[in-house]
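Keep the sequence and the 3D view open side by side.

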Amino acid sequence: MTLQELEEFLSRWGKERYRARQLFRWIYQKHVDDFAEMTDLSKELRGILASSCRVSGFPAERVETSVDGTEKYLFRLGDGEAVESVLIPDEGRRTLCISSQVGCPLLCGFCATGAAGFRRNMTSAEIVQQACFAAKRLAEREERLSNVVFMGMGEPLLNVPEVSRTTGILLSQFAFGISGKRVTVSTAGIVPEMMPLALGYPVSFAVSINAARDDLRSVLMPVNRKYPLKEVVAAMRRIPLQSGRKVTAEYVLLAGVNDSAEDALALSRLFRGARIKVNLIPFNAHEASTYRAPEAGAVDRFRDVLIAGGVQTIRRERRGADIRAACGQLRIAAGGKRG
Ligand code: SAH
């Protein structure tokens, strides 16, 4: 439940609204899931909650740790499906990459998640649970979850109601209290859903672009036939931004496919004058794809052309590749049901 839903639920029992905030703190800040331990609630309320509610929660079925400190969690959901999340420690930051769907319907040719198809949307309880598990684990080491990115399995903008509910809980000062700057929703460019989410929550946006021409983008990302580049970039330009902020354009570099200097020049023209920064992601290999990672020289050349074109550009570090936790490597087959 969102805070508001919880307040409404409690008021039906004649309870004060602030009880909802107390419950949020117990669940999300103190990581307590047994109502009996929530000692600032009356015995009567604890009894009501125990008999009619449940704090959903499941520990990771498997935890893998990379040589670089990245951790991958496999969560088994109530119906036997499985999803993965990745915790990436980086200097002061602790970033959790979460999934919003079991599998993905978009079938981008370079991504492992789509290769096994789409199973279903996740509920907000399941999505937020990934953050609860990571936050509790971090608290045990006196660390805090600082950032959340919707860059795991699935397309968050095809599951907006549940993603919005989750976002509300991540941002709530009575729950995770993470600022919208540090919550990033990454989309393949589901144009009609971008603005409503941006207006509802002050989150950061990342959009997977991956090609500067429609013909190539449609090959890499079939969703481009529905929402072509021009519309996607126009939607990126319309997103309201606080001063100094930018929308991120993600660009997976595939050797010999989209990594030439001409591609970089076309991309810089596409973004001219827009508050967009580019995040270059060298392709991470996996069995479901025959694409290849770019040469180091091609990555540098691509970056240099963008920068010369006035586009702020950063290169995403590859993290957790040894445990198949890098971008685009999460897949249903990793312990989940097979289709
Ligand atoms: N569906 C959303 C969320 C997934 S985010 C989206 O498309 O944005 C995953 C990011 O990783 C996307 O930018 C995607 O383009 C990128 N990606 C997918 N497979 C990859 C791979 N094998 N190597 C590198 N990046 C990949």
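In which sense do strand S7 and S8 pair, and over how many bridges? Strand S7 (residues 147–150) and S8 pair in the parallel sense, over 3 bridges; strands here are DSSP runs (E) of at least two residues, numbered from the N terminus, and two of them pair if DSSP finds at least two bridges between them. Look for Val-149, whose bridge partner in S8 is Thr-184.

A word on conventions: this is a predicted model, where local features need pLDDT of at least 70, side-chain atom pairs count only at pLDDT 80 or more, and totals for chains, interfaces and linings use all residues. Residues are numbered from 1 along each chain as its sequence is written, and side-chain values use heavy atoms, with hydrogens and water left out.

Now step back to the open sheet, where 10 strands follow the order S1-S2-S3-S4-S7-S8-S9-S10-S11-S12 with mixed pairing. Strand S1 (62–65) and strand S12 (313–315) are at the edges with a single partner strand each, so one side of each has no neighbour in the sheet.

Finally, turn to the ligand, which 21 residues surround (a heavy atom within 4 Å), the closest being Glu-155, Ser-186, Ser-208, Asn-284 and Gly-328. Among the polar contacts (N or O atom pairs within 3.5 Å), a polar side-chain atom of Glu-155 lies 3.0 Å from a ligand nitrogen atom. A polar side-chain atom of Asn-210 sits 3.2 Å from an oxygen atom of the ligand, and a backbone N or O atom of Thr-187 lies 3.4 Å from a ligand oxygen atom.

Technical notes:
A polar contact is a pair of N or O atoms within 3.5 Å; within protein, one must be able to donate a hydrogen and the other to accept it, and residues adjacent in sequence count only if both atoms are side-chain atoms. Helices (H or I, at least four residues) and strands (E, at least two) are DSSP runs, numbered from the N terminus.
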